[in-house]
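The report below is meant for someone meeting this structure for the first time. Please have the sequence and the model at hand while reading.

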Amino acid sequence: MKKKCPYILMKVNIYGCGLSGLTVAHELVEKGFQVEIFEKAPIGGGMARSFRYSNGVPTEHSWRGYAPFYKNVFDIMKRIPVKETCPRDDFGTYYSIEEVKKHTTKDSLWTYYKGEVYDVTEFIGSHPGGSLILNSGGKNLEQVWGDLGYSWHMENPYVMKTLKKYKIGKLKEGFQSKTAYDNLNTDSLKLFILDNSVSEKKASIKIHDIPYLSYIFSKVLFSNKRRRDYYKISFDKLVKNKISKSSYRHLVDFVSGAGFGIDKKSLSYAHQVLFTLKFFKYNQKDWVKVLNKPTSEGWIEPWISFLKNKGVKFNFNVSLERIKHDGKKVEYCVVNGTRVVAEEHVFALDPYSLNQILKRSNFPALQLKIEKLSIINNQISFRLGLRKKVKIPTKNAGLIFVESPYNITTYLQEDHWCSGTNLGMNGKIKSLMSGTLITPYYPGVIYKKSGTSLTKQQLLEEIIEQIFMSKDFLNVVENKITKEDIIFKEIFSDWEEKNGRLVSKNVKWVNNTLNQEYRPLGNTKYSNMFLTGGHNLTTVDVWTMESTVESGKITSNMILEKYNKKKAYLYSHSEKNEIIKTIQKMDDFLYSLGLPNIVNVLFIIVIIYFLLRRV
């Protein structure tokens, strides 16, 4: 009797074709699984998708920044081949693998890692493992570390920083196969705070606020289990009357709004601190980057094409209606009235859609948890096309209108995209402003109503008025532009009018003070049912494209482990500094006893010490 292959014939159905669903498909199909995706939309990409209107104008849910800590996103992007990228002058020196293999001695030791070549000869004497480093000569470091049991090196910031010092070029083999990662601009986004009352130079953290901010930031940094309490505290309320207007606008309206992309009313204390601390590890040069073309054209479409070639089957314009289970496992799912079966089922759906399906499918406990997770965030995306080129003196600028009631964030897409990119309307559009309303629930300046209380036409009037009332904006722009120069305007098509109000067809989910504790893990009590998405619990802990891809990798590894297959590469954002981890453990002990944060305890001890000395 022939032995059944343990994984080749295993089929995985994925419901949802967003970033997490595509990640799961990518990781599993490369390990030999049969993968089929079902998506209700006509295209893939989920909330990150882009498309063009019939007049050629590109649009998407929001302009997307790729932060330096997007380790899992970059890993995926580097594995997606693309046919072409913008011409770039930073490709540097290239070496073939055969040439690298010639340098294997202590006098000349070369190695390579993820397509980049390193001459580590000068590091031999400083290497903590001594002569062990000679094993890397002429080889792929990733393979060497794996064989020696040192794969953790790939997640160690110190190792990566040290390795970077010895980079001498890239592999020719990597150059010949360009990837979606090469569609990221080499220059970081330069963000301008536009505020008539607080000038750009002053809209920053004030020195006299640093002691208090250091105190509240350190409380989160040095906590672990106690963070569950900090997730429920509003950062806005915590700092509102305790720091200067300049520091407040920088942290709350600028960092939280433009950076985190969440309204200040529901932003939690812990999330604000964790997000900000992630950027402290990087300098301005390594800050947020953007794609050099619309998201689907630069990333999603090449990804889907690549997965199709790998054997992934895609079904668009189909809806998951119901999940049939026996209390222990999923038996089948109903998609457009048809039963679909598989050994494993992965639900890569937004929590709002998943909640409705669970209601219809008799999952009371899981449904209740997802329902509590589903807090609506009404960010609204828009585009303005101008017949004139809007000239900004600083290259790669992003504009943050912190004084606008809707906290508008926008950037000029043509400044970041490949030269000659079609902006639409047969070349009539010379500048395309893509933006997001972070706080559309505040009253506007014309109609004195929230953004969702208006029609699309009224909302566009509000947006244009809030942009042009900014003196800072008009001062930054080098050439004169007027409202009459706007020849195209749109609210992203995810928004539709119902009874004179705007309602989103695809609601955006973000972390806030109400939903953190309900974030699910990738597995469930049903043996073949898995969840994935940016709303899942991840180590990055902040809703971003990184958390969405990380979740896809976590879920993939649960399935791979089930079939005793080698796990996919997964970057963990968990704290790696041993000193900080030790302090966190100490605070965990204090928390278990109901005592204050370790920062407070140390502060009290210092005060008592000085008081006793005076006595």
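## The surroundings of T513

Setting aside neighbours within four places in sequence, T513 is in contact (heavy atoms within 4.5 Å) with Y231, K232, I233, S234, S266, L267 and S268. T513 lies in the loop between strand 22 and strand 23, where helices (H or I, at least four residues) and strands (E, at least two) are DSSP runs numbered from the N terminus. With a relative accessible area of 17%, T513 is buried; buried means under 20% relative accessible area, exposed over 50%, and partly exposed in between, with a 1.4 Å probe and protein chains only.

The model is a predicted one, in which local features need pLDDT of at least 70 and side-chain atom pairs count only at pLDDT 80 or more, while totals for chains, interfaces and linings use all residues. Residues are numbered from 1 along each chain as its sequence is written, and side-chain values use heavy atoms, with hydrogens and water left out.

## Salt bridges across the chain

How many salt bridges does the count come to? The count comes to 29 salt bridges, a salt bridge being a side-chain nitrogen of Lys or Arg within 4 Å of a carboxyl oxygen of Asp or Glu. One of them joins the side chains of K553 and D75, at 2.7 Å from N to O. K553 lies in helix 17 and D75 in helix 2 (residues 71–77), so this pair ties together parts that are 478 residues apart in sequence. K553 counts as buried at 0% relative accessibility, and D75 also counts as buried, at 8%. Both K553 and D75 belong to a network of salt bridges that links them with E27, E30, R79, K114 and E142.

Another salt bridge is formed by E517 and K232, whose closest N and O atoms are 3.7 Å apart. This pair links distant parts of the chain, since E517 is in the loop between strand 22 (501–504) and strand 23 (529–531), whereas K232 is in the loop between helix 8 (227–230) and helix 9 (235–239), 285 residues apart. K232, which is also among the contacts of T513, counts as partly exposed at 49% relative accessibility. In a further salt bridge, between K567 and E561, the closest N and O atoms are 3.9 Å apart; here K567 counts as partly exposed at 44%, and E561 counts as partly exposed at 49%.

D209 lies in the loop between strand 10 (190–194) and helix 7 (210–221). Apart from neighbours within four places in sequence, D209 is in contact with K242, I243, S244 and S247.

D494 lies in the loop between strand 20 (486–491) and strand 21 (495–498), and at 2% relative accessibility D494 counts as buried. Leaving aside neighbours within four places in sequence, its contacts are R49, H61, V503, S504, K505 and N506. D494 and S381 are 113 residues apart in sequence, yet 9.0 Å apart in space, C-alpha to C-alpha.

## An enclosed helix and a pocket

Helix 1 (19–29), helix 13 (351–360) and helix 17 (545–562) each supply at least two residues of the lining of the second largest pocket, and helix 13 gives the most, with 5 residues.

The second largest pocket has a volume of about 830 Å³. Of the 44 residues that line this pocket, the closest to its centre are G46, M47, A348, L349 and D350. On a 1 Å grid over the protein atoms alone, a pocket is an open set of points with protein on both sides within 12 Å along at least five of seven lines, a cavity is a set where a 1.4 Å probe fits but cannot get out, and lining residues have an atom within 4 Å of a point.

## The cavities

A search of the whole structure finds 2 cavities of 30 Å³ or more. The second largest cavity has a volume of about 60 Å³, a volume being the space filled by probe spheres set on the grid points, which are joined across faces, edges and corners. Among the residues that line this cavity are E60, W63, R64, Y411 and W417.
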